[in-house]
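Biologist: I've got the sequence and the fold open side by side. Can you walk me through it, one question at a time?

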Amino acid sequence: MARIWMLLATMMLTLFIITGCGSDKKETKTDNNESVSEEKKNEAKEEKPEEDKTKTTAGEASDVSELIAYMEKETEGTAKVLYENKESQVHEMDGVSVSLDEYTVVELNDFHDDFSIPFNDETNGAVIIAKYTVTNELDKDVYYMPAFYLSFTGADKAYNNYQYLLPEEEQIDTKLPPSDDYVLKAGESVTGYYTYPFGKTHFDKALDVSTVAVEVPAAESVKGDFGNPIGKVGQFTLSLNAAGADKVAANEAFYKDRVTTDDMGVKKMLKEKSNIGKSEKLGDVTVTLDGYQFTEFTPNEVEAPRFVDFKNGIVLLTVKFTLDNKGSDAIGLSSMTSKLTVNDGTQYMFDQGMLLNYSYDDLIDAGKSGEYLQIYTLDKEQYEKIWKDKPFELEIGPIRNQDATDISKGKRVNFEIK
């Protein structure tokens, strides 16, 4: 019996030693990990740069080639760069700006069928990768929804970002998300990417036009309230190839009526004059005639039905004014009208508001001045044979506010174009 108790005592002592040794190793490993972890934290604190108000910009960790490689891997497709442009375009909005920093047109073929829906159910097509920066130079927070919709003449739909082609952290709508109410803090700048997918059928249509347009939303001053815009809606024009680049360069010569900005056809300059500087008072507004352009216009196939009544060709007259508003009401640019009289006062026509870009929210605020365009559609044959060597008389007014209320007591002013 004594021997049994001695044996049990020996076994208990051995078990206690083994357990104690195991406990010592576990505690040592934990202590070492905590020590290493603390060292890493200290190193991170030492290496962390001084904090500023600029969020991580796309491209710090990835350039376009890496993004394309990611897209190939995700889609199991084959990518090829067709065209790229690194010339920045900037839209200013009263202290908030949006820039298109660069973009790349990428052919993407033979990708997985899981990605076919945004490519209009095709597995061959193209992607435009665009890099945008939104900057708030104001001393207050603003709210910006990065919804950069793309379209082109004859497009079957509006194109938007497809989030599964690039890493989520590289995309600008991840950095200005709805979960944060799209807030862009005072002094903050945010950069990120957007991808526009096209199936081959749609992309071929876009290539035929050679340019596409991106609408740039206005910023908002009040959270959740899209009725308080900062600045105006803008537009970027992207060429898809060399022909598109030539078209964009040529269009710089023309006033930015809708015919030009929406790429409705081809303009050819016939006659122009700038820096006229003739002014007339209209109520509390000074109206200044800055210049005019007569252009021969050939609409493209998509827009041709709009001009079906012009059997003998089309000449457009686009006139540029400056309105200096000294009144107490904002001027509603979409509410105003004008009249053009030709052929020694025997014929007249009204402006073509549908060929301008003015919307209900396009205003010249009290105490501000701004550009005002008017456009008229002329029969080319009559212009060449009768009108071009005679004076054109323009009648502007009355001045109207945003709700189309006359704020110049019915008065009008006249300008002569020779």
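What follows is a chat about this predicted model, going from the whole chain down to single side chains.

Biologist: Take Met 71 next. Is Met 71 buried or exposed?

Modeller: Met 71 belongs to helix H2, which covers residues 64-75. Its relative accessible area is 0%, and the cut-off for buried is under 20%, so Met 71 is buried.

Biologist: And which residues is Met 71 in contact with, leaving aside its neighbours within four places in sequence?

Modeller: One distance first: the C-alpha atoms of Met 71 and Tyr 164 are 8.5 Å apart, though 93 residues separate the two along the chain. With neighbours within four places in sequence left aside, the contacts of Met 71 are Val 106, Leu 108, Val 127, Ile 129 and Leu 165.

Biologist: I'm also looking at Tyr 372. Which residue's side chain is joined to that of Tyr 372 by a polar contact of 3.0 Å?

Modeller: Tyr 372 sits in strand E21, residues 369-379. Tyr 372 counts as buried because its relative accessibility is 0%. The side chain joined to that of Tyr 372 by the 3.0 Å polar contact is that of Gln 374.

Biologist: How far apart are the C-alpha atoms of Tyr 372 and Tyr 358?

Modeller: Tyr 372 touches Tyr 358, and the residues it touches beyond four places in sequence also include Val 319, Lys 320, Phe 321 and Leu 323. Along the chain, Tyr 372 and Tyr 358 are 14 residues apart, and their C-alpha atoms are separated by 9.3 Å.

Biologist: Lys 320 came up there. Which residue does Lys 320 meet in a salt bridge?

Modeller: In general, side chains of opposite charge can pair when their charged atoms come close. Lys 320 is partly exposed, since its relative accessibility is 26%. The N to O distance in its salt bridge is 3.8 Å, and the partner is Glu 371.

Biologist: Where do the two ends of that Lys 320 and Glu 371 pair lie, and how many residues apart are they?

Modeller: Glu 371 is partly exposed, because its relative accessible area is 40%. The salt bridge it makes with Lys 320 links distant parts of the chain, with Lys 320 in strand E16 (residues 314-325), Glu 371 in strand E21, and the two 51 residues apart.

Biologist: How many salt bridges does the structure hold?

Modeller: Another one pairs Lys 388 with Glu 384, their closest N and O atoms being 3.1 Å apart. There's also Glu 416 with Lys 418, at 3.5 Å from N to O. The structure's total is 16.

Biologist: On to the second largest pocket. How many nonpolar, polar and charged residues are in its lining?

Modeller: The second largest pocket has a volume of about 490 Å³. Elements giving two or more residues to its lining are strands E2 (89-93), E11 (225-230), E20 (363-364) and E21. Its 17 lining residues include Asp 94, Gly 231, Lys 232, Leu 363 and Asp 365, which lie nearest its centre. By class, the lining has five nonpolar, six polar and six charged residues.

Biologist: Which residue's backbone nitrogen lies 2.8 Å from a polar atom of the Asn 85 side chain?

Modeller: Asn 85 is in strand E1, residues 78-85. Asn 85 counts as buried because its relative accessibility is 15%. Beyond four places in sequence, Asn 85 touches Glu 102, Tyr 103 and Ser 239. The backbone nitrogen at 2.8 Å is that of Glu 87.

Biologist: Last one: which side chain does Thr 191 make a polar contact with?

Modeller: Thr 191 is part of strand E8, residues 189-199. With 6% relative accessibility, Thr 191 counts as buried. The polar contact is 2.8 Å, and the side chain at the other end is that of Thr 133.

Terms used
Residues are numbered from 1 along each chain as its sequence is written. This is a predicted model: local features need pLDDT of at least 70, side-chain atom pairs count only at pLDDT 80 or more; totals for chains, interfaces and linings use all residues. Side-chain values use heavy atoms; hydrogens and water are left out. Helices (H or I, at least four residues) and strands (E, at least two) are DSSP runs, numbered from the N terminus. Buried means under 20% relative accessible area, exposed over 50%, partly exposed in between (1.4 Å probe, protein chains only). A polar contact is a pair of N or O atoms within 3.5 Å; within protein, one must be able to donate a hydrogen and the other to accept it, and residues adjacent in sequence count only if both atoms are side-chain atoms. Contact means heavy atoms within 4.5 Å. On a 1 Å grid over the protein atoms alone, a cavity is a set of points where a 1.4 Å probe fits but cannot get out, and a pocket is an open set with protein on both sides within 12 Å along at least five of seven lines; lining residues have an atom within 4 Å of a point. Grid points are joined across faces, edges and corners, and a volume is the space filled by probe spheres set on the points. Ala, Val, Leu, Ile, Met, Phe, Trp, Tyr, Cys and Pro count as nonpolar, Asp, Glu, Lys and Arg as charged, and the others, Gly among them, as polar. A salt bridge is a side-chain nitrogen of Lys or Arg within 4 Å of a carboxyl oxygen of Asp or Glu.
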